[in-house]
Amino acid sequence: MKKFLLISLLIIGFVCSFAQGRKGDPKLTEAWDPVPAIVSPGKTSQDAPSDAIVLFNGRDFNAWTGKDGKKIEWMLEEGAMTVKGGTGEITTRQGFGDCQLHIEWRTPAVVKGEGQGRGNSGIFLMGQYELQVLDSYNNKTYSNGQAASIYKQLIPLVNASRGPGEWQIYDIIFIAPRFAPDGRLQSQARITVLHNGVLVQNNVALWGGSEYIGIPDYTPHSMKESLMLQDHGDAVSFRNIWIREL
Ligand code: MG
């Protein structure tokens, strides 16, 4: 019954977004059920292996560029980079396709806001497939928008969140979508995610690029695209970012 309701909502959402040119009610793509069970992660940290490309070692933004090629205004302190709200997202200079990505992140210790307004950022693989970063520790929101969701697509298997102010880890295996020369989708993007060492996305297929409103779909792009970190206005920090091309 719940599945039927969800599918009905998605169809309604699709029709509405089509009719309104992607405007409309963002609530139509929020899935609040099921709520992932809470799991307490162990304590781990991981240095880059020898064949990894280090994207951030805590000292500089050399591998990154600001919005529209502008200088990065995010804060750099104590081996971490922190979003400076309103200055825009940052993207890697290098493009990546199939990859293994390790990234550590921390939401603000001082809790402000609720739902999507608490410690929101995001890791946009290929600049458009968002693995959500959010303070999901005692913070209710739609399940397909909480930490470790593929935003508004895939609910994490469990909620392995640490508390605000604590460092958390994503280990990601991402397989890029494939497009035929004429732009037709040949295979969907796939992702596996461990959140603090706990499997939360198990080789699942993405529906398309992340959309705030409406049903996602695929737009053809090249085999390698920049990785993007979101500025959602909250002072989320990142450290120890490394990637292995597959
Ligand atoms: Mg986000």
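Author: Start with pairing: two strands pair if DSSP finds at least two bridges between them. Helices (H or I, at least four residues) and strands (E, at least two) are DSSP runs, numbered from the N terminus. This is a predicted model: local features need pLDDT of at least 70, side-chain atom pairs count only at pLDDT 80 or more, and totals for chains, interfaces and linings use all residues. Residues are numbered from 1 along each chain as its sequence is written, and side-chain values use heavy atoms, with hydrogens and water left out.

Reader: What makes β6 and β16 a pair?

Author: Four bridges join β6 (residues 90-96) to β16 (residues 225-229). The pairing rule asks for at least two. The two strands run antiparallel. I90 has L229 in β16 as its bridge partner.

Reader: Which sheet holds β6 and β16, and in what order?

Author: An open sheet of five strands, ordered β3-β6-β16-β8-β9, with antiparallel pairing. Its edge strands are β3 (64-66) and β9 (129-133), since each pairs on one side only. On average, neighbouring strands are turned by 25 degrees against each other, direction ignored. Such angles use axes that are lines fitted to C-alpha atoms (for helices, over the stretch in contact) and run from 0 to 180 degrees between N-to-C directions.

Reader: How do you know that β5 pairs with β17?

Author: Two bridges join β5 (residues 80-82) to β17. At least two are needed, so the pair qualifies. T82 is the bridge partner of S237. β17 (residues 237-245) also has three bridges to β2 (residues 53-56), where I53 stands opposite I243. Seven bridges link β7 (residues 99-106) to β17, with Q100 partnered by R244.

Reader: Why is I173 called partly exposed?

Author: Its relative accessible area is 37%. Buried means under 20%, exposed over 50%, and partly exposed in between (1.4 Å probe, protein chains only), so 37% gives that label. I173 lies in β11 (residues 168-175).

Reader: What makes N120, S121, E130, Q132 and Q230 donor residues of the magnesium ion?

Author: Their coordinating atoms sit at 2.2 to 2.4 Å. Donors are N, O and S atoms within 2.8 Å of the metal (3.2 Å for Na, K and Ca), so these atoms count. Water is not among the atoms, so sites may look incomplete. The sequence spacing is N-S-x8-E-x1-Q-x97-Q.

Reader: Are N120 and S121 buried or exposed?

Author: Both are buried.
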